[in-house]
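Welcome, and please open your viewer. Let's take a short tour, one selection at a time.

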Amino acid sequence: MLKNLNIAIIGGSISGHLNALNLQRLGAKVTIFERSAQTSFKDRGVGIGVPTTVIDLVKSMGFFTEMVKHEHCPYFKRI
C-alpha cells in the first residue's frame with residue numbers, strides 16, 4: 001500500500017515506534033530520528049510509563065506480545 005515511500009519519524013518515543021511499526025506493516029521504509037545518543041532505551045531509568053488503555057490498544061494491534069518485558073503499575077506518581 002505504501003511501497004516505495006520513505007518516511008522520517010522525529011522522536012523515538014512509544015508513539016514514534018508504534019507509528020514506525022504500523023507504517024512498515026503497510027510497506028513504507030521508515031527511519032526514526034532520536035536526539036538521544038544512546039542506541040538502546042534499556043538503561044533509561046524505570047522505563048516508559050504507558051497507561052493500561054494504551055497497552056490494551058497496542059496489544060489489540062499485535063505490536064505488544066507477552067515476550068515484551070513489562071510491569072503492571074496501578075497508578076502513576078508525578079514528581
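Buried here means under 20% relative accessible area, exposed over 50%, and partly exposed in between (1.4 Å probe, protein chains only). The model is predicted, so local features need pLDDT of at least 70 and side-chain atom pairs count only at pLDDT 80 or more, while totals for chains, interfaces and linings use all residues. Residues are numbered from 1 along each chain as its sequence is written, and side-chain values use heavy atoms, leaving out hydrogens and water.

Start by selecting helix H1, residues 14–25; helices (H or I, at least four residues) and strands (E, at least two) are DSSP runs, numbered from the N terminus. Which residues of H1 are buried? They are Gly16, Leu18 and Ala20. Now show what covers them: the cover includes strand S1 (6–10), strand S2 (29–33) and helix H2 (52–60).

Just after H1, click on Gly27, where phi is positive at about 105°.

Next, select S1 and S2 together. They pair in the parallel sense over five bridges (pairing takes at least two DSSP bridges). From S1 the chain crosses through H1 to S2, a right-handed β-α-β crossover: with the strands pointing away from the viewer, the path from the first strand over the helix to the second runs clockwise.

Finish on Ile7, whose bridge partner in S2 is Val30, and on Asn6, which stands opposite Lys29 in S2.

Conventions:
Expected span 1.5 Å × (residues − 1). Contact = heavy atoms within 4.5 Å.
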